[in-house]
Amino acid sequence: MAAKKRRPFLIKGTYFDFPSLFFIIFLVFFGLVMVYSSSAFVSNRYFNNNTHYLIRQMIFGGAGLFAMFWVSKIRYQALKRFSLILVFAIAGLLIFTMLAGKAVNGSSRWLNLGFISFQPSEIAKIVVILYMAYIVSEKPHLLRNVKNTVNAFFPVGVIVVIIAIENLSTAIICAAIAVCIWFVATPKLRYVVIIAIVGVVFVILMISFAGYRGDRLQAWRNPEESSSGFQTLQGLYAIGSGGLFGRGLGQSIQKMGNIPEAQNDMIFSIICEELGIVGAVGIILVFVMLLWRFRFISEGAPDRYGSLIVVGVLSHIACQVLINMCVVTNLIPNTGVTLPFISYGGTSLFFLLVEMGLVLAVSRQIEPLGFEGEKES
């Protein structure tokens, strides 16, 4: 009997979604511009070099784009066999980071390898996407009742709990990714209500166990009276002073030491101050167009697994953008979530671009006619 022919790991593909690629590259380069604009003052003050943060972001952005194009060439179906292994691996890495990681602002979220530091929780988002897409597409019988659904969610639940100990906001994003993938495949509203109730109770418990989270809640309710509300107030001042068209690119006043680490999770307030409401709405529209393209890639994917991978990435981007902008405008308590592609954070940008590579890998296997809804009957 002839041996079964193994499929190649890398493929050429018949289609490539250039609109998605355009939006991704635009956001990366816009992010570089805003990182430089928002960090030049403090970078010059602390490093005597106004391009310190920009250069680091450019290095990781370049590496991320290279990784994105390489990942876009893989046969993503080959990743199925690694899904469960990746879950165990990332759980172990998260526990190791919690016990022996680098503490920043009182939380051990970073793993220092000497030449580079990164947050394993960023990798966890990718792992959650791959695992949930695999479980939902390959083992739908696990979704037929409550018991099997709980079993399917259990590995993700373990990851979420481990992350939540040090980083509640990232844990919420990982949970949201998992729920969105599951709901798209099995839209059972009564299960969603149960999950929502469990999630709210879990968040309340995590807030009560960490005093600084309670301080953030108090700062959200009364930023003028709370000692932790300074960053929020300065961000709101920046948004208000930008007006309709902004002060002009590079002309922000609040970035000059008033907003702590303005190049990070508060960068949207600098966008509003320098580019105004018009610029802020423009960036929101770019994100909307990118997610719109992802929706079409998901619908045109050659299989359920690929479709759900794209749903997971779409959910991640949408949740993180929404949370960041709500924090900056003080609609929700400060959580420290960055704005995708734009906020400073080299490893965060790198792993985000790896996710984009997964989406483009799915798009490469789309049949052009099928993508436009013109499949032969």
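This report describes aromatic contacts, surface features, cysteines and backbone details of a predicted model.

## Basis of the description

The model is predicted, and local features require pLDDT of at least 70, side-chain atom pairs count only at pLDDT 80 or more, and totals for chains, interfaces and linings use all residues. Residues are numbered from 1 along each chain as its sequence is written, and side-chain values use heavy atoms, with hydrogens and water left out.

## Aromatic pairs

A pair of aromatic rings is described by the distance of the centres and the angle of the planes. Rings of Phe, Tyr and Trp (its six-membered ring) pair if their centres lie within 6.5 Å; planes under 30 degrees apart count as stacked, over 60 as edge-to-face and the rest as tilted. The count by this rule is eleven aromatic pairs. In one of them, phenylalanine 153 and tryptophan 182 have ring centres 6.0 Å apart and planes at 70 degrees, so the pair is edge-to-face. This pair links distant parts of the chain, 29 residues apart: phenylalanine 153 belongs to helix α5 (residues 146-166) and tryptophan 182 to helix α6 (residues 168-185). Helices (H or I, at least four residues) are DSSP runs, numbered from the N terminus.

Phenylalanine 153 is buried at 16% relative accessibility, and tryptophan 182 is buried at 0%. Here, buried means under 20% relative accessible area, exposed over 50%, and partly exposed in between (1.4 Å probe, protein chains only). Tryptophan 182 also pairs with phenylalanine 183: the ring centres are 6.5 Å apart and the planes at 55 degrees, so this pair is tilted. Phenylalanine 183 is partly exposed, with 30% relative accessibility. Elsewhere, ring pairs join Phe22, Phe23, Phe26 and Phe30 into a cluster.

## Charge over a ring and nonpolar patch

Arginine 295 lies over the face of phenylalanine 296, 5.4 Å from the ring centre. The criterion is that NZ of Lys or CZ of Arg is within 6 Å of the ring centre and within 35 degrees of the ring normal.

A nonpolar surface patch is formed by Leu244, Phe245, Ile277, Val278, Val281 and Leu285, with about 580 Å² of accessible area together. Its member isoleucine 277 is found in helix α10 (residues 267-300). Patch residues have over 30% relative accessible area and no salt bridge, and nonpolar side chains are joined within 5 Å. A salt bridge is a side-chain nitrogen of Lys or Arg within 4 Å of a carboxyl oxygen of Asp or Glu. Accessible areas come from the Shrake-Rupley method with a 1.4 Å probe.

## Cysteines

A search of the whole structure finds zero disulfides (pairs of cysteine sulfur atoms within 2.5 Å). Cysteine 272 is buried at 7% relative accessibility, and cysteine 326 is buried with a relative accessible area of 17%.

## Contacts along the chain

Leucine 27, in helix α1 (residues 18-47), is buried with a relative accessible area of 0%. Leucine 27 and isoleucine 283 are 256 residues apart in sequence, with a C-alpha to C-alpha distance of 8.4 Å.

Lysine 139 occupies the loop between α4 (120-138) and α5 and is partly exposed at 31% relative accessibility. The C-alpha atoms of lysine 139 and alanine 152 are separated by 9.0 Å, the residues being 13 residues apart along the chain.

## Backbone phi angles

Most residues other than glycine have a negative phi. Asparagine 48, although not a glycine, has a positive phi of about 55 degrees. Asparagine 48 is in the loop between α1 and α2 (52-71) and is exposed at 68% relative accessibility. Glutamate 261, also not a glycine, has a positive phi of about 50 degrees and lies in the loop between α9 (230-242) and α10.

Methods:
Helix = DSSP H or I, 4+ residues; strand = E, 2+ residues; numbered from the N terminus. Patch = residues over 30% accessible without salt bridge, like charges linked within 9 Å, V, L, I, M, F, W, Y side chains within 5 Å.
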